Amino acid sequence: MSDFTSGFWGLFVAGATLVSIVACGLLLASLSKRKVATDPDDTGHVWDEDLNELNNPLPRWWIWLFWITIVFSLGYLWLYPGLGANPGSLKWTSTGEYTEEVKQAEAQFGPLYARMALVDVKQLSTDSVARSAGERLFMSYCSQCHAADARGAKGFPNLTDADWLHGGDPETIKTTILDGRNAMMPSMAAVVGDAAGAKDMANYVRSLAKLDHDAAGAARAQPKFAVCAACHGPEGKGNPAMGAPNLTDKVWLYGSSEATIAETIMKGRTNVMPAHRAFLGEQRVHVLAAYVYGLSQGQSRDNGTAPVSAVK
Amino acid sequence: MNARIPLETVEQSLYEVRRKIYPRAVHGWFARWRWTLVFATQFVFYGLAWLEWNGRQAVLFDLAARKFYLFGLVFWPQDVIYLTVLLIVSALALFLFTAVAGRLWCGYACPQTVYTEIFMWIERRIEGDRPARMKLDKQPLGARKVALKAAKHGAWITLALWTGLTFVGYFTPIRDLTHSFATLDYGPWETFWILFYALATYGNAGWMREQVCKYMCPYARFQSAMFDSDTLVITYDAARGEPRGSRPRARDGEARSDRQGDCVDCHICVQVCPTGIDIRDGLQYECIGCAACVDACDQVMDKVGSPRGLIRYATENALRNGWSWRQILARVARPRVLVYTSILGAVAIAGAVALWMRVPVKVDVIRDRTSLAREVENGRVENLYRLQLMNTQERARAIAVSVEGAAPLRGLELADGAGRFEVPPLTTRMVTIRVRAQAVDGRGAHPITFVIESTDGAAGAFKLREKSRFLLP
């Protein structure tokens, strides 16, 4: 009823409801007795010359069912909200029921997570119960970006390899999930100048990763890399403290083609990993961190990918 | 409307107070058939729950786990088609039996009839037959009446509770239920359903009886659509019986007056009727086709020395034309019956074949919606799939997954190689599968097929094909 700004409507609905119920009762009482012809088996109605309407009365218990519904509705309206703004004697609300269910679930699963939170992340990452709990958490909260197999997608890092933007030790993974990460590569258009400059720089970056490149273009761009080195380091090895990727390995978040790298240089990249502290709480993040850490340590993603030979 | 104006009107309730019916005990050929079916159905109902199979209850519908055990088979919710087939077969069988011989189901096998029969038997053992019961009900409340009524209701409630317990025993293992009976250690649902089903049995078979058939049962109301003039129904042979009336016993060699019919108007047929109708008024919707009046009338006819069959199974046409049984049976093979039979046969055979060919492992291929496609080494494209492997059998199954596809997809393969999995008994296993293909031209979605084969020997071998799409960026 909170949608109505005026208290009048609550009274109106309550009044209309009660009047309807009383009217139903009156209707029942008035219609259960009626004047009929003296012949109790024949109503005296005839249609189409010879079609007689006979009297086949319903059993009396049938009308009791109607009375029962009236009594039921009054009892229901007494206990539950329904009579306008009246909250009912049970004070039931859907929000209250939800809160109650959350409380029950917390009472059921809370101790399990509390126990697991006491175990070190590295140790927890090999525990089968923690991993199956972690997998379910991952599928609910992480797979939307990092994919069902945790190998990521364009712009979303692969969590199963040894390469980490912000660091892959257990505590850092936990911090990343708890507080999220913001990473920004600014546009380097001012540094490289035009599209040709960006292409040259892309070739230099490819040369760092030992990919096919145009040596002349790379040589032209090399002096300008000093600006990039502020974040990516003079050798392009990156800096986990600020989330700057290593440019010399085979892992590319957005793609390694010349065109993609040139686009990254010209337009920059902004990426966000959202924080989960308030949403999931520290204990669940602890289990999740253990699961993700386990993935990067080469544990199979779930029991499902274990081959038959390993099972037997 | 052309209303006749009534000369006199009275105030009358539009609702009818139930007139209690005291059916008289009946013996005979049809009563024996009904008792045979009472024993057969109740032997199955009360007994089947106790049968063991593969170290578990043979018939158990585990709603919480959504597994439905039926002897060697375990059905999952995905197998709902078999339930559908069963229901269609049941409905068609009902149509067929009704077209041939009327309300056979109502008269002999319907739980309402069966439990009423059992409850009436208890009532007779305790309170006596019709006259004794009528006398007892007219008596003022006394010690004997209270004792008899208490004994009857006690016996009814005991049987009803046992019925409720057995019913719930098909959903919660019955041995656990009976073990915890002493302590009444039941969950809220078990308690509710045992009491609900017991109350339904006690109320319907003890109190409501013919009211259920007359006012609640939808089948009673639409069955007339399946009747025709060649349907066998319980009929009073008015031509032979009328004019009715008591008559002096025929003396030897003395011819009876031609004006007198065979019906001696003894009202036994009315007294035995569980719905309280007079069959001599013709076919009525209240008649459940139990043939109690046939048995009763035959006995009376034997006593008065007239031939049996004044009330008998006959068709409308047979009665009108005086057909013999041979002529009645010849009319059974009429179009309506043949159509029902052929549809029933076709559905039953199709259902049996489908059950025979049922693959015990079910597979759902779900394209991972969180990632479309990704580039991996050597310019190859990878797509992700989640395979839901459902083993509906009570033994572990080993399976191999492979993938097929046509141009422009080339070099289609599973990234992790083998694609071999073991699914434990009665388990759903989710596996994530990476499929790779050579990226050439041809952006967009391309059809591929997953082939899922058993690798654990010839017994119960199967090969499934599931379609999906592969995306090229």
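Tutor: Let us begin with strand S6 (residues 67–70) of chain B, which pairs with S7(B) in the antiparallel sense over three bridges. Strands here are DSSP runs of E of at least two residues and helices are runs of H or I of at least four, both numbered from the N terminus, and two strands pair if DSSP finds at least two bridges between them. This is a predicted model, in which local features need pLDDT of at least 70 and side-chain atom pairs count only at pLDDT 80 or more, while totals for chains, interfaces and linings use all residues. Residues are numbered from 1 along each chain as its sequence is written, and chains are lettered from A and ligands numbered from 1 in the order in which they are written.

Student: What is the bridge partner of Tyr69(B) in S7(B)?
Tutor: Tyr69(B) has Val74(B) as its bridge partner there.

Student: And which strands are at the edges of that sheet?
Tutor: The sheet is open, with three strands in the order S5-S6-S7 (chain B) and antiparallel pairing; its edge strands are S5 (59–62) and S7 (73–75) of chain B, each pairing on one side only.

Student: Switching topic, how many bridges join S12 to S16 in chain B?
Tutor: There are 12 bridges between S12 (residues 380–391) and S16 (residues 427–438) of chain B, and these strands run antiparallel. Along this pairing, Asn391(B) stands opposite Thr427(B) in S16(B).

Student: What about S14 of chain B and S16(B)?
Tutor: Strand S14 (residues 410–414) of chain B is joined to S16(B) by three bridges, again antiparallel, and Leu414(B) has Val435(B) as its bridge partner in S16(B).
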